[in-house]
Amino acid sequence: MKKIILLCLLVFNFTCCKAQILEQQIVPIEDLKGLSTEGTYYKDVHNLLNPYVGTWLYTNGTTSLKFVFRKIIGFNNGYNTKDILVGEYEYIENGNTKINTLQNLNVDIPYKINQNISGNSFIYSFIYPLCNDCGINELRLQLSLGDPLKDVGYNLVLRKIIVGGQNALSAYMRSDGIKYTGDAIDNYQTEFVGATIPNSTYVLIKQP
């Protein structure tokens, strides 16, 4: 009798879990507008993140900027589920390495995004920063980039382009250079500390 009851419970739990998965709302990531909702799966249905995966390099004499991106499928933060692009970077200025976070690229990502670049938001040309060269329906990828040396953040917007027959990214990087300290919104303190990488638009070539 106990075995029968145990079997019934297992079947019931399996059925409930299966039903929850089937009932989970799936929203393509390009349709994510504003705040996300609990229990929704923001899925890369059309594989829009895939072209960004890999290594990208900007060079100008002895100054270089390298991005390395990977795609995370089904990241669950305890509130909802999403497919995201994450990455790390290296910036060398006049031959001197200013910052290098590439060693963090393959860290585990449980319920927290432990990487310095992440996101999955797609924006059109009329969203800031404006893109006068973009097509009407062209999408750009908007990510957040953290500067652990200065403890500030950047807005990073990537546009896929072709340079000399090679796949490339036009990377818009902007930081206000303001560091926030405090443990609650009502007692935050701000300090201008600048940023490690100069604000600019960089063109990075896809590496083999």
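The model is a predicted one. Asn80 has a relative accessibility of 1%, so this residue counts as buried; the cut-off for burial is under 20%. A polar atom of the Asn80 side chain lies 3.4 Å from the backbone oxygen of Thr37. Leaving aside residues up to four places away in sequence, Asn80 touches Ser36, Thr37, Gly39, Thr40, Tyr42 and Phe75.

The largest pocket holds about 220 Å³ of space. Strand 9 (152-163) and strand 10 (166-174) each contribute at least two residues to its lining. Among the lining residues are Val157, Leu158 and Arg159, as well as Ser170, Ala171 and Tyr172. Pro129, Leu130, Cys131, Asp133, Arg140 and Thr201 also line the largest pocket. By class, the lining comprises seven nonpolar, two polar and three charged residues.

Five aromatic pairs are found across the whole structure. One of them, Tyr124 with Phe126, is stacked, with 5.9 Å centre to centre and 5° between the planes. Tyr124 is partly exposed, at a relative accessible area of 29%. Phe126 reaches 59% relative accessibility and therefore counts as exposed; the cut-off is over 50%. Tyr180 and Tyr188 form an edge-to-face pair because their planes stand at 70°, where over 60 degrees is required. Their ring centres are 6.3 Å apart. Tyr180 is partly exposed at 46% relative accessibility, and Tyr188 is partly exposed at 44%.

Note on methods:
Residues numbered from 1 in each chain as written. Predicted model: local features only at pLDDT ≥ 70, side-chain atom pairs only at ≥ 80, totals over all residues. Heavy atoms only, no water. Buried < 20%, exposed > 50% of the residue type's maximum accessible area, 1.4 Å probe, protein only. Polar contact = N/O pair within 3.5 Å; in protein donor to acceptor, adjacent residues only side chain to side chain. Contact = heavy atoms within 4.5 Å. 1 Å grid on protein atoms, 1.4 Å probe; cavity = no way out; pocket = protein on both sides within 12 Å on 5 of 7 lines; lining within 4 Å. Points joined across faces, edges and corners; volume = space filled by probe spheres on them. Helix = DSSP H or I, 4+ residues; strand = E, 2+ residues; numbered from the N terminus. Nonpolar A, V, L, I, M, F, W, Y, C, P; charged D, E, K, R; others polar. Phe/Tyr/Trp six-rings, centres within 6.5 Å; stacked < 30°, edge-to-face > 60°.
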